[in-house]
Amino acid sequence: MPPAKGAEGDTVTPHIGSNAPQAANAVIVDQIFRALSDPTRRNVLERLTSRPASVSELAAPYKMALPSFVEHLKVLETSGLVRSHKAGRVRTYELAADQLKLAEDWLGRQRNVWARRLDRFDAYVMSLKEEEKK
């Protein structure tokens, strides 16, 4: 099924249920943006860009209870932005940066939609100016 078109002819993301793979992708993108919405989680991601780290290393700079911090890590892991593995009693997290590509792709599509809309608006304004000169 081809993508739906909006009022201005722009591609519109279909509603969940109309296309299962796209709907699943939309859920993942929602989880990524939810994960990125919190400054603590964004900071953890930034720290993981240099190297993997244990829960205690990641939690050290924060003045919050460890269970609260672990909830942040769960959100990051659910979104697929980080992966963890356990060796003995130590759980280590690492960045899964490839997952950010889904959010980047979504943002790129939105940028393209708005660029086309602004181009059409600019053309409309220019046509009004031309008519005004006549």
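Visitor: Which residue does Lys101 form a salt bridge with?
Guide: Its partner is Asp105, and the closest N and O atoms are 2.6 Å apart. Keep in mind that this is a predicted model.

Visitor: Where do Lys101 and Asp105 lie?
Guide: Both are in helix H5, four residues apart, which is about one turn of the helix.

Visitor: And how does Lys101 count, by relative accessibility?
Guide: Lys101 counts as partly exposed, because its relative accessibility is 45%. Asp105 is partly exposed too, with a relative accessible area of 30%.

Visitor: How many salt bridges does a search of the whole structure find?
Guide: Five. One of them joins Lys133 to Glu130, with the closest N and O atoms 3.9 Å apart.

Visitor: Is Lys133 buried or exposed?
Guide: Exposed, at 67% relative accessible area. Glu130 is partly exposed, at 43%.

Visitor: What does Glu57 form a salt bridge with?
Guide: With Arg51, where the closest N and O atoms are 3.2 Å apart. Glu57 counts as partly exposed at 35% relative accessibility, and Arg51 does at 46%.

Visitor: OK, changing topic. Which residues form the nonpolar patch on the surface?
Guide: Phe121, Tyr124 and Leu128, with about 330 Å² of accessible area together. Phe121 belongs to helix H5, which covers residues 100-133. Phe121 is exposed because its relative accessible area is 53%, and the cut-off for exposed is over 50%.

Visitor: Now the sheet. What order do the strands have?
Guide: The order is E3-E5-E4, in an open sheet of three strands with antiparallel pairing. Strand E3 (53-54) and strand E4 (82-87) are the edge strands, each pairing on one side only.

Visitor: How many bridges join E4 to E5?
Guide: Six, and the two strands run antiparallel. Ser84, for instance, stands opposite Tyr93 in E5.

Visitor: Which helix packs on the sheet, touching E3, E4 and E5?
Guide: Helix H2 (residues 39-48) does, and its direction makes about 85 degrees with that of E5. Helix H4 (residues 66-79) lies across E4 and E5, running at about 115 degrees to E4.

Visitor: Last one: how many helices and strands does the chain have?
Guide: Five helices and five strands. From the N terminus on, they run β-β-α-α-β-α-α-β-β-α. Buried residues make up 24% of the 134 residues in the chain.

Notes:
Residues are numbered from 1 along each chain as its sequence is written. This is a predicted model: local features need pLDDT of at least 70, side-chain atom pairs count only at pLDDT 80 or more; totals for chains, interfaces and linings use all residues. Side-chain values use heavy atoms; hydrogens and water are left out. Patches are made of residues with over 30% relative accessible area and no salt bridge: like charges are joined within 9 Å, nonpolar side chains (Val, Leu, Ile, Met, Phe, Trp, Tyr) within 5 Å. Accessible areas come from the Shrake-Rupley method with a 1.4 Å probe; for residues, only the protein chains shown count as cover. A salt bridge is a side-chain nitrogen of Lys or Arg within 4 Å of a carboxyl oxygen of Asp or Glu. Buried means under 20% relative accessible area, exposed over 50%, partly exposed in between (1.4 Å probe, protein chains only). Two strands pair if DSSP finds at least two bridges between them. Contact means heavy atoms within 4.5 Å. Axes are lines fitted to C-alpha atoms, for helices over the stretch in contact, and angles run from 0 to 180 degrees between N-to-C directions.
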